Amino acid sequence: MIVADLHIHSRYSRATARDLDPEHLWIAAQRKGIDLLGSGDFTHPAWFAELSEKLVETGDGAYVLRPDLQGALAGQVPAPCRREVRFLLSAEISSIYKRGGKTRKVHSLILMPDLASVARLNQRLGRLGNIVSDGRPILGLDAKDLLELCLEVEPSVIFIPAHIWTPWFSLFGSKSGFDAIEECFGELTPHIHALETGLSSDPPMNWRLSALDRFTLVSHSDAHSPAKLAREADLLTCPPTYADLAAALAGPAEAGFHGTLEFFPDEGKYHLDGHRKCGVRLTPAETREHGGRCPVCGKPLTVGVLNRVEELADRPEGSKPARLRHFESLIPLPELIGEVMRQGPATKGVSQALEALLERLGPELHILREAPLEDLQSVGGPILGEALRRMRQGQVITEGGYDGEFGKVHLFSNEEHAELKGQKGFWKLAPKAGARSRAKAGPAARPKASPPAAPLLSALDPAREGLNPEQALAADYRGGHLIVRAGPGSGKTRLLVQRAVGLLREGAAAEEILLITFTRKAAGELGQRLAEAWPQGRQPLTATFHALGRRIISQAREGANGGDMAIVEDEKRQALLKRIAAQAEWKPSDLELAISRHKQTLDQEPPSDLAPWLALYQEALAGEGLLDLDDLVREACLALRSDAELARSWRERFRHVLVDEYQDVNQAQVELLKALTGPRTQVAAIGDPDQAIYGFRGADRSFFARFARDFAGAAEFGLQQNYRSNGPILAAAQGLLEADPDPSRRPLLPLRPEGPLPSLIALASPEAEAQWVAARIAELIGGMDSRQVEGRAGENPGEYAPRDIAVLYRLHALAPALQKALQKAGVPVQVAGRTPLEETDPLDFKAQRVSLLTMHAAKGLEWPVVFVVGLEEGLLPYLPPGKPPSPASEERRLLFVALTRARERLYLSRAARRSLFGETRQPGPSPFLTQIPEGLLKIEKPRARRPRASQLGLFK
DNA sequence: TTGTACGCGCTTTTT
DNA sequence: GCGCGTACAA
């Protein structure tokens, strides 16, 4: 029989002991009596390097400490404890992701047969996320995708869902888990053969779920220090090799998996329910009596493992499956000695006593499990003997752990302890009636929890079929042209889709309907939503302005000489601009801008200073039959103007033209629209002039206001209902806009009025700001380490997944500090537009991360939590040194766009010192901040720095 | 053709 | 503060 502890950590994981290195593990394993030990943390590059250096392969998938190191250390192992310690390569990965609208946090234990396969896996994982900052990395990768990746890298991988019952980070966790294994792993479930049951549950609890019958239930220590090794462990009868372990886990008991060594589950940190902050500990039955809420603070209780097991159980307490494996419940020897000596387990006296026992009797597990009581009595005294006798018989007194607080397991009652003082003959006492056996009478199986109340939004959820009244008015209007002023989060895309569907339903042909967007992405999404809403029959054309122009030009040329047409590639165009600019003694960027602006006006005559250079540019393109992107719209307009037949065919083609983001059109685009508009055409434009932020690229929001003049008789509509942001977020965003009065603006009405006030904080430096953001995000995600989860009762830590969060800034230049701080905190992060495609893993698009992006890039997107950073003088509005700034109103709208990306929580920040382009300044707050009316922002102060918590804080 | 020193200038972004 | 482009040397 061998003892295996396969889930441990190295010193590279958070909150772990500094001496967690191969040498100390080798010593500690022998003192404990472990034959087969997980390496832990193989994903961490430094630990991987250390393992590669200090371990040598046995050839059967196991590794041993290098013989020279063994020789140097042998003296530190008590003689009766010495044994061969083999290592298997193991790691734990934390997957934090969104599935089915719920944040999931699942930890997985992974074993690999050799360093080469680990290296392959690490390479893949390194591309998907940050495996450098923590030995237990956090990936925004669905646990199922992680399993798939592991199988792809190494088919013989052993993949074990870790400590499956802990509330915060596990497969069945009450906070962020699933109700069934299949729910998590889908069709890959057959690749899972074992489940790790964790400290807070033991086999009898797990036997109550018939769904677990086919799995091997394993137990490991999840140690964060050498002293905690083998708190729980596996008992194997197979040889200590990788392949034999894999076969044992996959097969019946005879295959080599004998059973487990267990904690008394009551001692686990999450056995019962409760609130640590409120000092409330409840049994599952008591929790039900209180309706799941804390009797002190009224907030939801942290539901423990016992409760969760009862929730999912389909058998009564005490049931046993047909096939079950052996288990033993143990108390760690230092704790047991501590009780006998009436001292803490980490005191010097206990250590000395432990040392003496190890020297005389052998490893800790041998002492706990097998050593004859007489030997124990003779070496450790009669009381120790009695303590071990009681433990082996399960006669213990328990106080269940709850909400992160370890439980307590005692062997003697208080009365006994009192009696014991000064008495020598204690071992003769029979256990008191008060010392209950750990088999407790429990409540009957609990009915399944009722499903959560229907979400508040369901009645008006924009994802559903129906339109709200103001949307319906605009969607159903058939009286001619119309323009819709649609604020952020008002269901704009939905209105477009439903208008198109309504037209189709009334009998309009798909060919008569055209939808126009600015980006291919928007066109793709609109097309997809339309296909979902109107799956029957042909689809209307959904195109960008440029794609539309291209079609028109193609048709014009077919009719004429059929000249070849292609779009100039950017590289070529830049080279051309550079060449001409040099000749003109202009800056290439100025030339580019001037050409573009001219083409957008549709004027025939360019400004005289531009004319010769424009002519050179156009000749160069025409010589190769090329057009640039502005030409696509311009040339289409000109073709329609000069070719009456062409114009007629296009004007008659569409009865309905729907245009998205109308605040972003330029003159050429408006002209193109007009040229497509015949007497029977209805143009429906939708947009929001308060979100016009692309003036610098030629967009002119004034076309929005004059739509009714460009398209005669147009009706005006407005969408005020906001589905996205809660009341306080909308109030702050609209308060800001008040500084730019507009009589045609209507207030936005939040569907969800309640929520926390947006907050504003000033930090000393960009680094401090980045660290603050990282710390806040770590709290919101919860799960960087347990302390963060347990630390802030009432803040709902762990409510969010990485992909629920975005950090927005004015300039890309702010991204590096943020990225660095977030990576250091172990938060999975992606910086928009900054990942080269060739480095992207095929699974990359599935990885879920915190997004870092510019306020511009955030337009059209939304997140439950948004941080807006760098709200400083000179940065917002941005005042480029030596250049004319954008109009302040456009920059204000940019902030408005940023604020209205947030659904639930909004955090604003600034730094009192900022270095930008080599210059360090001490900027005051952005003037826009003072334009947000007082009382709509909560002013926060940086928390005073507390001294770093001790490395061992996790286990007290 | 390649190495290196120097100086300039620095948003936001789509097709 | 740094990257990129240009100028000039080898």
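This is a predicted model: local features need pLDDT of at least 70, side-chain atom pairs count only at pLDDT 80 or more; totals for chains, interfaces and linings use all residues.
Residues are numbered from 1 along each chain as its sequence is written, and chains are lettered from A in the order in which they are written.

**Around the DNA**
- Lys 578, Phe 917 and Gly 918 are the residues around DNA strand C (near means a heavy atom within 4 Å).
- Of the atoms of DNA strand C that come within 4 Å of the protein, 17% belong to sugar and phosphate.
- DNA strand B is surrounded by 18 residues, and Arg 520 and Thr 854 are among the closest.
- For DNA strand B, sugar and phosphate make up 55% of the atoms within 4 Å of the protein.
- A polar side-chain atom of Thr 854 is 2.6 Å from a phosphate oxygen of DNA strand B.
- His 812 instead uses a backbone N or O atom, 3.0 Å from a phosphate oxygen of DNA strand B.

**Salt bridges**
- The whole structure holds 58 salt bridges (a side-chain nitrogen of Lys or Arg within 4 Å of a carboxyl oxygen of Asp or Glu).
- Asp 742 and Arg 485 form a salt bridge, with their closest N and O atoms 3.2 Å apart.
- Because Asp 742 lies in a loop and Arg 485 in strand 18, this pair ties together parts that are 257 residues apart in sequence (strands are DSSP runs of E, at least two residues, numbered from the N terminus).
- Arg 485 is buried at 14% relative accessible area (buried is under 20%, exposed over 50%, partly exposed in between, with a 1.4 Å probe and protein chains only).
- Asp 742 is partly exposed at 21%.

Conventions
Side-chain values use heavy atoms; hydrogens and water are left out. A polar contact is a pair of N or O atoms within 3.5 Å; within protein, one must be able to donate a hydrogen and the other to accept it, and residues adjacent in sequence count only if both atoms are side-chain atoms. Helices (H or I, at least four residues) and strands (E, at least two) are DSSP runs, numbered from the N terminus.
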